[in-house]
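Let's take a walk through this protein together, one piece at a time. Have the sequence and the 3D view ready, and turn the view as you read.

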Amino acid sequence: MVLSLALAGCSSKDSSTDAKDSAKHTITFLHWRGEDTEVFNKIIAEFEKANPDIKVEMNVLPSDSYIANASATLLSGKGSDVFASFPGSQFEALQDSGVYADLSNESFLSKFSESLIEAGKSDGKQLAVPYQLVYNIPVYNKGIFKKLNLDVPKDWNSFLKVSKTLKDNGYDPILFAGDVSPSQFINPMVMNNEPTDDAFPKLETGEEKLTNDWFVKTLSQIKELNDKGYFQKDPLGTKKEGAAALFAQEKGAILALGSYMMSAVKQQNPNIEQGLLSPITVDASQMKYEGIHTATFMLGVNAKSKNQAEAKKFIEFLTDPKIAAEYANGTGQMLTLKDVKYDSPELTESAKWLDKKTLFQPRYTLKKEQVSKAIETAVQDVLSGVEPEKAAKKAQEEVDRAIK
């Protein structure tokens, strides 16, 4: 009898706990930015306090394997309720598979700068909202430039002269990350060389080719920088973290990555003063764009989720100006939202670029990953010693295979 009562007591307790848990909706949040975990944990705690019936479980995948792993999980129908994605080919592949729930009628869209969330649209529907605004242009050390009395170069000749002065004074002019820079540095290098803003998409229709003069010229200019020793030794063998460390140690003056690195560099060297600059590959009179921007970290809701209302509520929470500022200032990331107050020198510096003429990252206008990869590989080939014409021909052959 005592045993029966004890078992009954346990059963009663478990049922109560189960009932309590079942009343709470658990949503999962998937992304690749492990460096944002601490800030997101704080924001999630605030969200759960404001919404006691919703629990958020955050899953973070490594950035270098995120595309493959996230895509496989989401397409299986067992993926996260809220997930981040990259614009371009990954977004295209996911939306073709029907993964995204339609966000077109959500009230929180009015909090975004309309022009900056275009990357998350397809067939007139807002399927995802890009949360971060990134400038994919090199970061430079303002202190070194001031010390050597250098101005930010406004054309190709002055970019070469600045690089020579930096090298002559013992600095690596440009720090290049072999794992990331090939896909980043190509964007500002090509922005004023390409004949039209849609030259990259035209590669996928066959209207443009990588063997045409504009792309060969771009590869030739990258080769010129390499031949003159304006990249550090073994640029392809240097990882992103290594290049950033060299920059933070002020051994190099220009970091060939983007604004997203400024916060991490500042953590390593609190005294460094950073700015953004682009290599202008033409004469100043021929310049069309001053830099490259990308609206990324695109937040979407899984169309197969059973908790879509709760998932949308979480995204809405992230768009609150106070929460958005908490995220931006805590992570050092610019956002696509209006009315966000930035309080760090790095974000204030990035915000200056809102008034400049920038082009959306050409690489993210491509729908086929093979084409994007072919362009990246062409840059790597040139830095490995392949002649620009041969590298372009090899890349175009890969494009031809992709579009067939």
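Which exposed residues does the face of H16 turned away from its buried side carry? Before we get there, a word on what you're looking at. This is a predicted model, where local features need pLDDT of at least 70 and side-chain atom pairs count only at pLDDT 80 or more, while totals for chains, interfaces and linings use all residues. Residues are numbered from 1 along each chain as its sequence is written, and side-chain values use heavy atoms, with hydrogens and water left out.

Back to the question: the residues are Lys 390 and Arg 401. Helix H16 covers residues 388-403. (Helices are DSSP runs of H or I with at least four residues, strands are runs of E with at least two, and both are numbered from the N terminus.) From its first C-alpha to its last, H16 reaches 22 Å, close to the 22 Å expected at 1.5 Å a residue; that expected span is 1.5 Å times one less than the number of residues.

Now look at the other side of H16. Pro 388, Ala 391, Ala 392, Ala 395, Gln 396, Val 399 and Ala 402 are buried there. Buried means under 20% relative accessible area, exposed means over 50%, and partly exposed is in between, using a 1.4 Å probe and protein chains only. Seen down the axis of H16, the buried residues fall within an arc of 130°, so they line one face of the helix. The arc is taken from the directions from the helix axis to the C-beta atoms. Here's the background: an α-helix has 3.6 residues a turn, so residues three or four places apart point the same way. Among what covers the buried residues of H16 are helices H8 (199-203), H9 (213-227) and H15 (369-383).

Helix H7 (residues 181-190) packs with H9 at an angle of about 115°, their axes 10 Å apart. Axes are lines fitted to C-alpha atoms, for helices over the stretch in contact, and angles run from 0 to 180 degrees between N-to-C directions. Residues making the contact include Phe 185 and Met 189 of H7, and Trp 214 and Phe 215 of H9. Contact means heavy atoms within 4.5 Å.

Next, find the sheet. Four strands form an open sheet in the order S8-S9-S7-S10, with mixed pairing. S8 and strand S10 (274-276) stand at the edges, each with a single partner strand, so one side of each is left without a neighbour in the sheet. The twist averages 30° from one strand to the next. Two strands pair if DSSP finds at least two bridges between them. S8 (residues 172-175) and S9 are parallel and share three bridges, with Asp 172 opposite Gly 252. S7 (residues 139-141) runs antiparallel to S9 (residues 252-255), joined by two bridges, and S7 is also antiparallel to S10, joined by three. Val 139 is a handy landmark: its bridge partner in S9 is Leu 255, and in S10 it stands opposite Leu 276. Lying across S7, S8, S9 and S10 is helix H10 (residues 240-248), at about 135° to S9.

Glu 250 counts as partly exposed, at 33% relative accessibility.
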